[in-house]
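Have the model open as you read.

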Amino acid sequence: MHPARALLDSASQPDLMSSRFANRLGIKSGTVDITLIGAGQSSTPVRKSMRTTVSSRASPYAINVEFLIVEKLIADLPAHDVPTSGWKLPPHIIFADPHFEKSAPIAIILGARHYHTFFVSGAQYKMSSNLPVLMDSVFSWVVSGYGYSPEDRKCEQFYKDTTQRDEAGRYMVCLPKQADFDDKLGLSKAAALRRFSLLERRLERDQNVKAVYHDFMREYLELGHMSRIKNPSDDECACYLPHHPVFKAASSTTKVRVVFDGSAKTSTGFSLNEALCVGPVVQDDLLDIILRFRTYKVAVIGDIAKMYRQVLLHPNDRKFVRICFRFSPHSPIEYFELNTVTYGLAPSSFLATRTLLQLANDEGASCPDAAAVLKNNFYIDDFIGGADSIGNARQLRIELSQLLAKGGF
């Protein structure tokens, strides 16, 4: 028996072993000729493989695995020691790796082929929204996910400190800014006007796209998602975003979507996105959601209409999301402020998905089942869940719709 520190990796197609650990085992290896393709299309040639048994120290579980042997398996994990003094770890939980918080080498990677067999009970323990999830496995409890970085913790605290609700229950958020936001953000109006001039000429060449584009902007205005501003005089401390169409031929509804370009450079060479914080991922991994989805007898799926735009942006931050537009090239150019969270900004995904979690926390006591799926079964704006009977599925749909409506979704 040789103890091995393993990474359970649902995204890895092969099972991998470091050459250093393979030498320790002393098992005869086979010959292969394979090229592994990794992140950034990096390629690694593999010439050796080894078949051996992986057994659990905590249960009778054992599998026979053929590993590909690679010289450099992966960097030490975690990247650095993680302080866990504030985690409030349950005293009854025994970890598969007693020193999971220490940065150390990984000996083997067990990939997607076996991943579904590791989590039989499905038991999880969530310490808080900004900490990893503890999962019961055949190897004993493992740590899934990651702890927040200092910037992520700052974004989380900023969200808690600044988020408000209006009289209708709709949430209002602020843009999380980097410490040097004012220094990074330069002038942007002239560049936005140049981009709009190019866009307008493009729309004049294609009247069909022009009509759809104008319909989109007209709806934006009618829904109150943007407002006209007259004679803006604070351009030096505002930000004007270029915008352009994105075509979605496969969509059954919106064929053209207007995207606001938060990555456009200002006069300092920095964009609005580069002056904002991104924020952490607060929803479960898509693979985890889909694996759970396969366990339901009755499937329930849906999506939140215009989810980002159902979250209001604080009036103090709307000057950073201005646009220029007009419905006729013969009219004067007008200026608008966007009133809601919108696509194209670095923190938009965090602000919108974090608001769903906040809604579950604020209003979930009256419908705990709906609150649970709002926290665990959404991927961005898509609900991927189900129930054990048609009756329960119908009830879940009703309760989830009622819960979302309390937040204006």
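## The cavity lining

H5 supplies the largest share of the lining of the largest cavity, with 4 residues. Helix H5 (189-205) and helix H6 (207-222) are the elements that give two or more residues to that lining; helices here are DSSP runs (H or I, at least four residues), strands are E runs of at least two, and both are numbered from the N terminus.

The lining itself is made up of Phe196, Glu200, Leu203, Glu204, Lys210, His214, Phe325, Arg326, Phe327, Ser328 and Pro329. By class that's 5 nonpolar, 2 polar and 4 charged residues. Charged covers Asp, Glu, Lys and Arg; Ala, Val, Leu, Ile, Met, Phe, Trp, Tyr, Cys and Pro are nonpolar, and the others, Gly among them, polar.

## Its volume

A cavity is a set of points on a 1 Å grid over the protein atoms alone where a 1.4 Å probe fits but cannot get out, with lining residues having an atom within 4 Å of a point.

Three strands form an open sheet in the order S10-S11-S16, with mixed pairing (pairing needs at least two DSSP bridges). Strand S10 (164-165) and strand S16 (312-313) are the edges. S11 (residues 171-173) runs parallel to S16 over 2 bridges, and Met172 has Leu312 as its bridge partner in S16.

Helix H9 (residues 348-363) packs on this sheet, touching S10 and S11, and its direction makes about 135° with that of S11. Contact means heavy atoms within 4.5 Å; axes are lines fitted to C-alpha atoms, for helices over the stretch in contact, with angles from 0 to 180 degrees between N-to-C directions.

## About the model

This is a predicted model: local features need pLDDT of at least 70, side-chain atom pairs count only at pLDDT 80 or more, and totals for chains, interfaces and linings use all residues. Residues are numbered from 1 along each chain as its sequence is written, and side-chain values use heavy atoms, leaving out hydrogens and water.

Notes:
1 Å grid on protein atoms, 1.4 Å probe; cavity = no way out; pocket = protein on both sides within 12 Å on 5 of 7 lines; lining within 4 Å.
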